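Please read the following points beside the sequence and the structure.

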Amino acid sequence: MHYQKINNLIGWLCAILATLVYGYTADPYTSWWDTGEFIASAYRLQIVHQPGAPLFLMIQNVFSNLALSDPTKIAYAMNIGSAVCSGLTILFLFWTVTALTRKVLGRQETVEGNRWQTAKVMLAGVIGAMAYCFTDSFWYSAVESEVYAMSSLCTAAVFWLILKWERRADEQDAARWLILIAYIMGLSIGVHLLNLLTIPALALVIYFRKQEKITLLGAAKALAIGIAVLAGILWGIIQYTVRAAAITDVFFVNQLGLGFGSGVIFFTLLVIALLAWGIYYSIKRHKPILNIGLLATSFVLFGYMSYAMLVIRAHADPSLNNNAPDNVYSFLGYVAREQYSSEPLFKGPTFDAKVNQVKPTESYKKGATKYEKIAGRSSYSFDKEMLFPRIYSDKHADFYRYYLNLSPTESPTFSDNVKFFLNYQLNNMYTRYFLWNFVGRQNDETNYVDARKGNWLTGIKQLDHTALDNPSQLPTSMQTNPSRNVYYALPLLLGLIGLFWHVRNDKRSATIVALLFFFTGIAIVLYLNQSPMQPRERDYAYAGSFYAFAIWIGLGAIGITEFFQRKLHHKAALLSAGLLCLFAGPLLLLRENWDDHDRSSRSVARDVAYNYLMSCEPNALLFTYADNDTFPLWYMQEVEGVRTDVRIINLSYLQSHWYVRQLNNQVNAAAPVKLGFDSDKMREGVRDYLPFVDRGISNPVDLDTLIAFLTSDNPKNQVEMQNGEMFNYLPAKRIEMPVDKKAALASNTIPQQWHNAIVDKMEWDYPSQYMTRAELSLMAIILENNWKRPIYFTNYLPSQSLIGLDNYIVDEGLVKKLLPIAFSEEQHAGTIVHTEKLYQHITQDFKWGAYNKVNHLDVDSRRYLEGFVYPDIYVRASSLLKEEGEMEKAREVAIKSLALLPKRAYSINEAYYYSDIVDTLYKTKEVSLANELTKRNLNLIQDELHYTESLARDKPELLDVRSIKFALSTLELYDRILSQTDDKAMYANVNKVYLHYKEKYGIK
């Protein structure tokens, strides 16, 4: 068979196999973080968070048709879209490895026609492609509807295409491959910007292929040109073309009196005309490089036009319309990510720096007939600045001091700055991720510089003990954790062999792959300049770097084959090397990673979202806070159509002017939300920030009067700032709101037994030193609503977001309801809980998956269950029902709670919370269930204590006193519970363990 046919056939077989694996293990619904937003927005072609992903959304919308009108299958259909993109990435990786291998081997011996050489090339392709196929980070993105799978496809495609061009560079029409690369680059902007980082490596490919005499200076120049092209696209095309169009539009509208968009049309036509003239000129004057450059620019711009979808859909004002980019200035803010803070790169402050000077800037917003000037994003100068700033975030000052061992008054030095970059940003936030994928992973816990969580791991005891402070004896709970994946560093070894082989045989192409590795890995670390304590692991951002290393894993198979050929015949050497590499690479990765990457039975994110919505009464207002208590709910409403009458209001978004304006819109079956004043009073640049200015007002201020004062445009009700601007301000913190009892009773939201507890007026103290649109809008909504619609807050919401209304919050499990009621301390001590409603939710409203049958529960799901489901719903209901003497109901709650426990125990938090469930089971004579749960938790506690002690024995500085105390307090709970039961054998067992550790740590 012809080489090309073999290459195509095996490549497609690898792609199909990868796609089938990803499809089988894909998440059936939405998962955590951004996927809920992406699925909802793709299904209805809406606008996601900045800087957007319009091409991704449109392609995923096509995949949604695979659901065949079944709304519960739409998420899975889109997840299959990611699986297909990932499978195609494996195809291009296979072809990339074979192209590089063929190029090197072709210098030694013609590959085509030589079956052994062809077999070696195919072996390299299979090992490299399938090893990457089953790596941790890539597999994670391949089974959910996120942009990273499609972005990886773009990266793989352009790198393969440059190799395609390299082989055909002397052909007359070879430039078409470069134009195609430019077009894919433009398209990839509508997915994710990571693909652009391949440009420097591509520039070096062109230099090596076209330049006869290669010099270090010439290579450096080519690299510099590549970086300049990258910067030109990243800032010039993506941002400054839009900025230039915006400036032109201001001139046409404000100076010439033309309509909005006239300047944009003129600027667009001007760019088209200039490009057309330049292309004509390049042809006429026989300037091929200029011609290719202008054509490439044209196709990048053409690909970038996918963003037109955002502007078109923004004019329709859909339910999810982030930043409302319906005019050129809001669109500019969208693509420039103005909603988010930017990190300093070249020069910036230290974490303890003070602001010296504020430099205001100006921008524009769309007015009624003209663009109006507003304050832009200010720039700041500081008293302490340094080059290459890495420790700049004042929010993380305590962490920096702890990590760098600085005293409370000590200022960091440049040496501290470099130390943090090398040890934390480079090592902990990149190298650790790299080693996860090719050495092994300790577990899936989020690592916050903790020896027990989320580190790399080889599985070689002595090495792990020396390098990682890992004790030689691990507890059973850790050894059997599905997210503990050990590869014995074999994929890393394969890759290093491939790297050395590549450098020895073809330094030029090895340099190109190394550049790809650098710019999609370490360069991202330099650019992102991430602050510590990220809410989740960020390994997905570096998948391109792991892709480059997988090329060397494939080449490692060639190196091992050639080594065996010194002693064995061609066939024996190839077979031996092939089997060795297959087991050390793809099969090992597949075996280790399958159980924790198989999401086919996961549903926690969807279940939580469903239960949040079902916790609300009809036509409710539900205030949410962050990604994980918002995006899954959007998915449930926009895609599956569940409880569309509930109006979701995200308090973080409520700080934005565009989100406040969108409260006026009907969203699905949910009516508009009224503020009681024109939302124009919250327009862009107005009431962004309202400081507290103490006016000595001791009596509570009526909320109606306060809102009128805060929204007043009268300068008498404002305060002058240092820059001369007039600002509205908060004059008092003690607030009261009269309660319309008739309206409250008419709403039927207050339980009958609490009617006598309705207060005449609600009084509270505002807890902050300033107010934003979010707090002002929340108060206005509460006042204007006047109990017509039930108001809820998710239990994910931090207490400070309740603006001081804590005394009027009634806990109903997943949600907290605002009610105008108050009780004496004797009636209700602490938080008011509606036990009857909580019981109803548990027994009638809530639907949960069978988590006790799931092989592995991911860390985000565990975190949500342990933090917001176990304690806030089941433990609280069980405890309160026992207090009220409702033992049968408590038993029912306890039994239902068992189905939420994963198949295996993961943390002492779970054991701690479920101690009350154990107590309930014993008191309701469910002894066998109670014993089973006790044994499970007791074994976990012993394992954790053993592990903590082992760590401290080897390295005393790693002694985790807090974990030991928590474990002992949990043991004490079980000991106390068992002491009151008739099961003497189980009590003796628990008591023995408890007394052992109590005596060991000298606790009296």
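**Notes on the model**

1. Helix H35 is followed by Lys 925, whose phi is positive, near 65°. The model is a predicted one, in which local features need pLDDT of at least 70 and side-chain atom pairs count only at pLDDT 80 or more, while totals for chains, interfaces and linings use all residues. Residues are numbered from 1 along each chain as its sequence is written, and side-chain values use heavy atoms, with hydrogens and water left out. Helices (DSSP runs of H or I, at least four residues) and strands (DSSP runs of E, at least two) are numbered from the N terminus.

2. H35 covers residues 915-923, and eight of its nine residues are buried, so the helix is largely enclosed by the rest of the structure. Here buried means under 20% relative accessible area, exposed means over 50%, and partly exposed lies in between (1.4 Å probe, protein chains only). Among the buried residues of H35 are Ser 915, Asp 916, Ile 917 and Tyr 922.

3. Helix H32 (residues 859-883) is likewise largely enclosed by the rest of the structure, because 19 of its 25 residues are buried. A kink of about 50° lies at Tyr 870, shortly before the proline Pro 871. The bend at a residue is the angle between axes fitted to the seven residues ending there and the seven starting there. Just after H32, Gly 885 has a positive phi of about 80°.

4. Which order do the strands of the six-stranded open sheet follow? The order is S10-S9-S18-S20-S19-S21, and the pairing is mixed. Strand S10 (647-650) and strand S21 (832-833) stand at the edges, each with a single partner strand, so one side of each is left without a neighbour in the sheet. Two strands pair if DSSP finds at least two bridges between them. In general, strands of a sheet pair through backbone hydrogen bonds, either parallel or antiparallel.

5. Strand S9 pairs with S10 in the parallel sense over four bridges, and in S10 the bridge partner of Leu 622 is Ile 648. S9 also pairs with S18 in the parallel sense, over three bridges; there, Phe 623 has Phe 793 of S18 as its bridge partner. Leu 621 and Phe 623 point one way from S9, Leu 622 and Thr 624 point the other way, and all are buried.

6. Ile 809 stands opposite Leu 818 in S20.

7. Two helices are to be considered with this sheet. S9, helix H26 (residues 631-638) and S10 make a right-handed β-α-β unit. A crossover is right-handed if, with the strands pointing away from the viewer, the path from the first strand over the helix to the second runs clockwise. Helix H30 (residues 773-785) lies across strand S9 (621-624), S10, strand S18 (791-794) and S20, running at about 165° to S9. Axes are lines fitted to C-alpha atoms, for helices over the stretch in contact, and angles run from 0 to 180 degrees between N-to-C directions.

8. Asp 627 lies in the loop between S9 and H26. Is Asp 627 buried or partly exposed? At 26% relative accessibility, Asp 627 counts as partly exposed. Not counting residues up to four places away in sequence, Asp 627 touches Trp 33, Asp 34 and Pro 632, where contact means heavy atoms within 4.5 Å. Asp 627 and Thr 35 are 592 residues apart in sequence, and their C-alpha atoms are 9.7 Å apart in space.

9. Three strands form another open sheet, in the order S12-S15-S16 and with mixed pairing. Strand S12 (701-702) and strand S16 (761-765) are at the edges, each with a single partner strand, so one side of each has no neighbour in the sheet. Strand S15 (residues 734-738) pairs with S16 in the antiparallel sense over five bridges, and Met 737 has Met 762 of S16 as its bridge partner.

10. How many disulfides are counted? The count comes to zero, a disulfide being a pair of cysteine sulfur atoms within 2.5 Å. For Cys 14, the nearest cysteine sulfur, that of Cys 133, is 8.5 Å away. The sulfur of Cys 154 is 8.0 Å from the closest cysteine sulfur, in Cys 85, which is too far for a bond.
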